[in-house]
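Please keep the sequence and the structure at hand while reading.

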Amino acid sequence: MTQSLQNKVVAITGAASGIGLECARYLIEAGAVVYLLDRDAKALEEKTAELGSQAHAIIVDLFDYKTVDAAVAQIVQEQGRIDVFHANAGAYVGGNVWEGDPDSWDSMLHLNINAAFRSVRAVLPQMMKQESGDIVMTSSIAGMIPIMAEPIYTASKHAVQAFVHTVRRQVAKYGIRVGAIQPGPVVTPLLKDWDQARLEANIKAGALMEAKEVAEALIFILTRSKGVMVRDLVVLPHNFDA
Ligand code: NAD
């Protein structure tokens, strides 16, 4: 039997924009209590207010690890548990390696890898205590196949895949499911970092999709029966790579 999301306690990182925000919207529609975690205080406040009383904002900078721990403690204090953790925040850098700015790589790698892994680590003890929980990471199609236009981003999402597949095995015995969604290109502010020619070619080819497609995939993952799990869910625009 599929599981209901009514009154489930969910935390989403990078929830003030794009995919995270749309996932928050869908989860609230499904009856969940959603904590939106983001460092963009202004957007976070505005968007949380729009989402209504089931939405709660916590300002978290994933690079400032104390804020992540404090957010987890606050949610547990207010709700007594965390049912779902969506490690979604991420950044993008593309382009040829020989022309790249290694400092911008470091910042992206730090967010997509170190900070994301640390955020998952922060919620695990609570989920182990509960003997239940769902962790879903927003990976990317770049976590499954090498995308030539974006070597460093591809490498970051391959690291996410390695983490998901190993941590999943470590915590399965505690009743915790760990999986990932691998979207193709989604129309969000993240695409502002694409080069213009690539963006135009994708728009022309209809090779972009809306954030709601990822939100629907997340709802599918979270509503599976307790005895099964979706480990990876690749969601692509129909014309991707055509
Ligand atoms: P987005 O830029 O719209 O949203 C990212 C959010 O993360 C922003 O609200 C930002 O403030 C927040 N954030 C950034 N750094 C942070 C930090 N240090 N602490 C807390 N919050 C921080 O991007 P998006 O497209 O919604 O991307 C979300 C995830 O989806 C990322 O992991 C991205 O790699 C992945 N993804 C995106 C696409 C795409 O085409 N947009 C495709 C595949 C995967």
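## Basis of the model

This is a predicted model, in which local features need pLDDT of at least 70, side-chain atom pairs count only at pLDDT 80 or more, and totals for chains, interfaces and linings use all residues. Residues are numbered from 1 along each chain as its sequence is written, and side-chain values use heavy atoms, with hydrogens and water left out.

## Annotated domain

An unreviewed UniProt entry places the feature "domain: Ketoreductase" at residues 8–184. UniProt positions are given here in the numbering of this model, with feature names shortened, and annotations may be inferred rather than shown by experiment. Over residues 8–184 the chain is 50% helix and 19% strand, and the end C-alpha atoms of this stretch are 28 Å apart. Helices (H or I, at least four residues) and strands (E, at least two) are DSSP runs, numbered from the N terminus.

Buried means under 20% relative accessible area, exposed over 50%, and partly exposed in between (1.4 Å probe, protein chains only). I176, V178, A180 and Q182 point one way from β6, while R177, G179, I181 and P183 point the other way.

Two strands pair if DSSP finds at least two bridges between them. Strand β5 (residues 133–138) runs parallel to β6 and is joined to it by 6 bridges, with G133 opposite I176. Between these two strands the chain passes through helix α5 (residues 151–171), and the β-α-β crossover is right-handed; that is, with the strands pointing away from the viewer, the path from the first strand over the helix to the second runs clockwise. Strand β7 (residues 232–235) is also parallel to β6, with 4 bridges between them, and V234 in β7 is the bridge partner of Q182.

Within helix α5 lies T154, which is buried at a relative accessible area of 7%. Leaving aside residues up to four places away in sequence, T154 touches A142, I145, P146 and I147, where contact means heavy atoms within 4.5 Å.

## Ligand surroundings

There are 29 residues around the ligand, of which S17, D38, N88, Y153 and T188 come nearest; a residue counts as near if one of its heavy atoms lies within 4 Å.

Polar contacts are pairs of N or O atoms within 3.5 Å. A polar side-chain atom of D38 is 2.6 Å from a ligand oxygen atom, and an N or O atom in the side chain of T188 is 2.5 Å from a ligand oxygen atom. For R39, a backbone N or O atom lies 3.4 Å from a ligand nitrogen atom.

## Individual residues

A91 sits in the loop between β4 (84–87) and α4 and is partly exposed, with a relative accessible area of 24%. Its contacts beyond four places in sequence are M108, L111, N112, Y153 and L190. A91 and Y153 are 62 residues apart along the chain, and their C-alpha atoms are separated by 8.3 Å.

Most residues other than glycine have a negative phi. N7, in the segment before β1 (9–13), has a positive phi of about 65° and is partly exposed at 47% relative accessible area. E131, in the loop between α4 (102–130) and β5, has a positive phi near 60° and counts as exposed at 57% relative accessibility.

Methods. Polar contact = N/O pair within 3.5 Å; in protein donor to acceptor, adjacent residues only side chain to side chain.
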